[in-house]
Amino acid sequence: MKLINISKTFFPDSPKEVKALVNINLTFEEGEFTTLSGESGSGKTTLLNIIGGLERASSGSIFLDNLELTALSDEQMADFRLRHIGFVFQAYNLISVLTVRENIGFIMKLLRFDEVEIDSRIDELAVILQIEDILDKFPGQISGGQQQRVAVARAVASRPKLILADEPTANLDSKNSERLMHMLRTLNEKEHVTVIFASHDRYVLDQSRRIIVLEDGAVIEDH
Amino acid sequence: MYKIALDLALKSLMRRKTRTLMVIMMIALSLSGLLFLQGLYDGMVSHMINTTIRSDSGDISLYAKQYRFEKNIDYHIDDPEPIQAYLYQSEEINAYAVRLMQEGLVSTAHKSLGATLRGVTLEDERKFGDFYTFLSQGKFSFGPKNQDALIGFKLAEKLKVTLGSRLIFTAQDANGEINAIAFRISGIVKTGNLTIDEGSVFVSMETMERFLTLPNSATQIALRVKDESQIKSVQDTLQKKFKTLDVLRWDELYPLLIQMREMMNIFNWVSYAIVFAVAALGIFGVILMSILERMREFSIMMAIGTPYRNIRYQIISEAFAMALFGYVFGALLGWGFLLYTASVGIDLRYFEAGLESFGLNAILYADIRYYYFFQAFAAVFFATFLSVLWPLHVLKKIKPIEVIQGKML
């Protein structure tokens, strides 16, 4: 994935104008395990959202292979997200009326996977993420750590090319954070899925193979 | 795709039982109220028309020309028997009543009032309009010697007479002489037709013919048709057959009733519109809230790639499923209310005086018509349709990530 001159300005041409991102140029290779880091307000979440098509860049382009994502319509972008990107949000964000099993299988169902394949994938992920016992429970009946693992399972279930995780450990204790990162790393290694985090959690940074540091909307470090 | 949305809609309805039941109940109660109100208004007007037809006009009445304008017995129907014979053999006519009427002065020892003396045959009136059901006190009889009379209850109140009281009726006979005749009150009638209740005294046809020295005569022949939809054609046939007579339908005789029906229709529609607006606002509010409170959930679904059309289909499916159940329960409840009110009525005797001054019965009965249910169906689904438009519009405009991050809503 290539990001070319990505800029984002909120409330342009108004007194409240904020330049969240300024001329970002980055390349992500397949199978990366990368963290976008920086202080609050540095633009890491905005950049993650732009990569995932949840926000539009004010200028610049994003290419995945030869496809220009920034040229896609909202509907095409939604379809792209569905097929190629898995999201893990800070606040779990599961669908409350669906059971854990139904939540994990939701995207696969939208993509019309075979029922047998869905069930087998859910069972496989449940073992990896240690959520076998809660598959028939509703999100409101399980702990925050469990919910975040379910969110990860939902994100990776359909085998997307890219996982975007915004502060996935922010609401977890250290034990659950370690467990989650371990599982994401396992999935990254086992299924070659590219994972990009936006986080300033020390533990997440330690686990990452590449760290991109942002400050005032610009990349100041990439190692 | 739509199967998933429908599945999600059903799960959402089933797993949020309180909210679902609340919306269904809201729709059902509003709808039953609408149905009840509509039936009650129609019932009130129907009752007024029905009592007027039964007590006086029939579906059609025949008069000698000019009688209705001058109310003079010079303009009477002479020898009504051939007409009666025709009506008797006609297959379209159910019953008829021959009447001989004269206006005059009815007096007690203390008071005199203008009134109409109506010569009738009780048996004919019974067949014609179940007239005995209007009897509120006394007997449905003119006594063994035809010297008794029935009197409208308002007239009895004004004259301060009761059962057994004596009345003197003074009027001009066919020869232009002023005659007087005395009666004893055997019964008091309450028809709901102000013309009758406020100003009529009923005596036997024989007595009336003798009193007016007008044998074998009538001033009105009222008839009931078998099929109400045939009233106009029967009127045309009778008019062709009896060219020297005025043949008039009940609505031509009582144009005020038609005006009243039109007024009630307007009132009905205004009330219906108000109740509908309240109900629609209620449905709108509850469905809107149920969608807005889940904006975050819908935003998550959109963020992870669920197409907007899927969410739209889910919301519409949920709203219309609730509307359908609400309609079914509301229609059943409303039907129950209407059935009860149509058979038992609503007892408003506490407001009897006020209602009677408008010609309304103190016990109100509802009408039940099938079209109410079609109208209500359209109303509920229209309100539901309106109630999903705004949330869908809002949903289409939101940025899912801003809702998820708590920047919106």
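**Rings, helices and loops**

Over all chains, the structure holds 14 aromatic pairs. The model is a predicted one. A pair of aromatic rings is described by two things, the distance of the centres and the angle of the planes. Take Phe87(A) and Phe89(A): the centres of their rings are 5.6 Å apart and the planes lie at 0°. Planes under 30 degrees apart count as stacked, so this pair is stacked. Phe87(A) and Phe89(A) are also both buried, and buried here means under 20% relative accessible area.

One aromatic cluster is formed by Phe131(B), Tyr132(B), Phe134(B), Phe140(B) and Phe202(B).

Arg68(B) has its charged end over the ring of Phe69(B), at 5.6 Å from the ring centre. In a second case, the ring of Phe128(B) has the charged end of Arg224(B) sitting over it, 5.9 Å from the centre.

Next come two helices of chain A. Helix 4 of chain A covers residues 115-128 and helix 6 of chain A covers residues 174-191; their axes come within 10 Å and cross at roughly 130°. That angle is the reason why helix 4 and helix 6 of chain A are called oblique to each other. Which residues of the two helices meet? From helix 4 of chain A they are Arg121(A), Glu124(A), Leu125(A) and Ile128(A), and from helix 6 of chain A they are Met183(A), Leu187(A), Lys190(A) and Glu191(A). Sorted by class, this contact has four nonpolar residues, four charged residues and no polar ones.

The last topic is the backbone angle phi. Most residues other than glycine have a negative phi. Asn146(B) is not a glycine, yet its phi is positive, near 55°. Where in chain B is Asn146(B)? Asn146(B) lies in the loop that runs between strand 5 (135-138) and strand 6 (148-152) of chain B. Its relative accessibility is 25%, so Asn146(B) counts as partly exposed.

Asn216(B) also has a positive phi, of about 50°, without being a glycine. In chain B, Asn216(B) is found in the loop between helix 8 (205-212) and strand 10 (217-218). Is Asn216(B) buried, exposed or partly exposed? With a relative accessible area of 32%, Asn216(B) is partly exposed, because that class lies between the 20% limit for buried and the 50% limit for exposed.

Conventions. Residues are numbered from 1 along each chain as its sequence is written. Chains are lettered from A and ligands numbered from 1 in the order in which they are written. This is a predicted model: local features need pLDDT of at least 70, side-chain atom pairs count only at pLDDT 80 or more; totals for chains, interfaces and linings use all residues. Side-chain values use heavy atoms; hydrogens and water are left out. Axes are lines fitted to C-alpha atoms, for helices over the stretch in contact, and angles run from 0 to 180 degrees between N-to-C directions. Helices (H or I, at least four residues) and strands (E, at least two) are DSSP runs, numbered from the N terminus. Angles under 35 degrees count as roughly parallel, over 145 as roughly antiparallel, 65 to 115 as roughly perpendicular and the rest as oblique. Contact means heavy atoms within 4.5 Å. Ala, Val, Leu, Ile, Met, Phe, Trp, Tyr, Cys and Pro count as nonpolar, Asp, Glu, Lys and Arg as charged, and the others, Gly among them, as polar. Rings of Phe, Tyr and Trp (its six-membered ring) pair if their centres lie within 6.5 Å; planes under 30 degrees apart count as stacked, over 60 as edge-to-face and the rest as tilted. Buried means under 20% relative accessible area, exposed over 50%, partly exposed in between (1.4 Å probe, protein chains only). A charge sits over a ring if NZ of Lys or CZ of Arg is within 6 Å of the ring centre and within 35 degrees of the ring normal.
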